[in-house]
Amino acid sequence: MNGAELLVQALENEGVSYIFGIPGEENLAFVEALRTSKIELILTRHEQAAGFMAATYGRLTGKPGICLATLGPGATNFVTSVSHALLGGMPCLFITGQKPIKKSKQGRFQIIDVVRMMEPITKMTRQIVGADSIPSLVRQAFRVAIQEKCGPVHLELPEDIAAETTSASVFPVTRITNPQVSKAVITDTIPILQQAKNPLLLIAAAANRRRTCRAIEDFIERTGIFFFSTQMGKGVVNEYHQRCLGTAALSDSDYLHCAIARADVILNVGHDVVEKPPFFMTRNGVQVIHINYFSAIIDNVYFPQHELIGDISHTMRGLASRIQPDSLAGSGYFSRVKKEIEKNIFQRHQDNSFPCSPQKLVSVIRENIPEDSILSLDNGMYKIWFARNYKATNPSSILLDNALATMGAGLPVAIAAKMLHPEKKVVAICGDGGFMMNSQELETAIRLQLDLIILLLRDDALGMIRWKQACMNLPDFGLEFGNPDFVQYAKSYGAHGHRIYRQEELTPTLLECLETPGVHLIDIPINYSENTSVLIDELKKKTCLL
């Protein structure tokens, strides 16, 4: 066989089902090998979107997602999604083509040093310089991608190596298990917890990458400890749990931070400083126990005094078995904060003004979509509201990015989620700014015959930055833009387009889309005035009283 055929065989050996991407001249031999493979090529309309889809595959399955691009501009279009996977801890393999490396045909046309470009944003990057090395490079790439911290790897396949004859064979796939914290280290941690007056449990991103849910939930049930999550830790434990204090959508000054300020010990499970801080540590402040697969990265706002490094589930079970039942429930203050959070965030009366407020939108969606649905959030002001006000029921129920936090990911992530979970309702939440960065993937969703809903929140501006601009007392400048007629835009691709003119139309339109097959886009005007009235003015007045 040739190198391209061997690469496809190596990917089949790893259990690859899909490759997302865009072929180019330099990888046509690889595409030809794919044609007769059991691996399905998912043609996207932009390489960045392909990367988001591959990263989402890795995020949801724990196995590397695969994407493909040609050299030069195809490879450079991967940079944002590679970075998204790196910071978010999502295992994936990016494959790019290249001109022949043994004999130049076209000088330096389209050639840049892709391997060197990928070095700072991947866990591993290699140019394949001989077809015989393909099996070992693929096996190593997959191993590196899934080792904690999970992330992206990259292989470059030059044209002449793809055509090179080889008789090499693939390596067997072997299992990697995470190391475990020793019993002695776990035992040494118990006195810290036993002496705590108001301990808290924080669930963060790494706890959401593997199936740690049962071990963490069992720890909560046994000890009675109150818990909260970062944005990327939402849903590891059902947020309707009586001990849940919600999500740290803001870094400080929310109701939740009253509990954090009173805590004397925080068990920080799966936190990584690439995610926006859920709270700020101070010298001589709260004791933090860092529980993760890898050691903490120290900075000015995160410097844990204790670390338990190893398999998270094993650590949580080890701690639970050594702690007295219901011994970490605290003094009762957290119960008071819990009541305030429920009253002021989840049970408050929503007005029927129009355009819709973000709080009203969140409550309508939570009340009307099935509990096991998947929300895919692009990045914008609405992400804070969904992180804060939407109760997630399982690890897959809300997909958002609080690490790179790039715009343009919402629709591609939703497409990958629906491919992996065709039995579930999948809803993409996008602002008009982020949606238009990858809106061309509407065609991909329709070609794949997916049932998908896109809630397009329209304010004709970059709403998040406008809020930040106002918070800094700067003039409103440079953030407004025009939009297409989104209903007609959706229809031009073959999707169903809907527009909301009154708030009472939102629920029946959403229910209609949930029940009707196909791709649906709902244009929803949004009013972000609550950004200031609630997230700043109200919190300043109320949280200080707690």
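Which loop holds Pro 355? Pro 355 sits in the loop between helix H13 (333-346) and H14. We will come back to this spot below, after a look at the chain as a whole.

## The chain as a whole

Please keep in mind that this is a predicted model. The protein chain contains 22 helices and 18 strands. Its radius of gyration is 24 Å, close to the 24 Å given by the globule rule for 546 residues, so the chain is as compact as a globular protein of that length. Along the principal axes, the C-alpha atoms fill a box of roughly 75 × 65 × 45 Å.

Of the 546 residues, 61% count as buried. If we take the contacts between residues at least 6 apart in sequence, 75% of them join residues at least 24 apart. The accessible surface comes to about 21500 Å², and carbon and sulfur atoms account for 51% of that surface. As for charge, the chain has 54 positive and 56 negative charges, whose mean positions are 5 Å apart.

Strand E18 (residues 519-525) is mostly covered, with seven of its seven residues buried. In a regular strand, side chains alternate between the two faces of the sheet. Here, Val 519, Leu 521, Asp 523 and Pro 525 point one way from E18, while His 520, Ile 522 and Ile 524 point the other way, and all are buried.

E18 has a parallel pairing with strand E16 (residues 452-458), joined by seven bridges. In this pairing, Arg 458 stands opposite Pro 525 in E18. Strand E17 (residues 496-499) also runs parallel to E18, with four bridges between them. There, His 498 stands opposite Ile 522 in E18.

Three bridges pair strand E1 (residues 18-21) with E3 in the parallel sense, and Cys 67 in E3 is the bridge partner of Phe 20. Five bridges pair E3 with strand E4 (residues 92-98), again in the parallel sense. Within E4, Cys 92 is the bridge partner of Gly 65.

Helix H14 (residues 358-368) has ten of its eleven residues buried, so the helix is largely enclosed by the rest of the structure. The buried residues include Lys 360, Arg 366 and Asn 368, along with Leu 361, Val 362, Val 364 and Ile 365.

Now back to Pro 355, which lies in the loop between helix H13 (333-346) and H14. A cis peptide bond joins Phe 354 and Pro 355, with omega of about 0°.

## Other backbone geometry worth a look

Most residues other than glycine have a negative phi, and most peptide bonds are trans. A cis peptide bond joins Glu 148 and Lys 149, where omega is about -5°. Lys 149 is found in the loop between helix H7 (134-146) and strand E6 (152-158).

Ser 253 is not a glycine, yet its phi is about 75°. This residue lies in the loop between strand E9 (244-247) and helix H11 (255-262), and Ser 253 is partly exposed, with a relative accessible area of 46%. Ala 405, likewise not a glycine, has a positive phi of about 55°. Ala 405 belongs to the loop between strand E14 (398-399) and helix H16 (410-420), and is partly exposed, with a relative accessible area of 32%.

Technical notes:
Residues are numbered from 1 along each chain as its sequence is written. This is a predicted model: local features need pLDDT of at least 70, side-chain atom pairs count only at pLDDT 80 or more; totals for chains, interfaces and linings use all residues. Side-chain values use heavy atoms; hydrogens and water are left out. Helices (H or I, at least four residues) and strands (E, at least two) are DSSP runs, numbered from the N terminus. The radius of gyration is taken over C-alpha atoms; the globule rule is 2.2 Å times the number of residues to the power 0.38. Buried means under 20% relative accessible area, exposed over 50%, partly exposed in between (1.4 Å probe, protein chains only). Contact means heavy atoms within 4.5 Å. Accessible areas come from the Shrake-Rupley method with a 1.4 Å probe; for residues, only the protein chains shown count as cover. Lys and Arg count as positive and Asp and Glu as negative; His and the chain ends are not counted. The place of a charge is taken as NZ of Lys, CZ of Arg, CG of Asp or CD of Glu. Two strands pair if DSSP finds at least two bridges between them.
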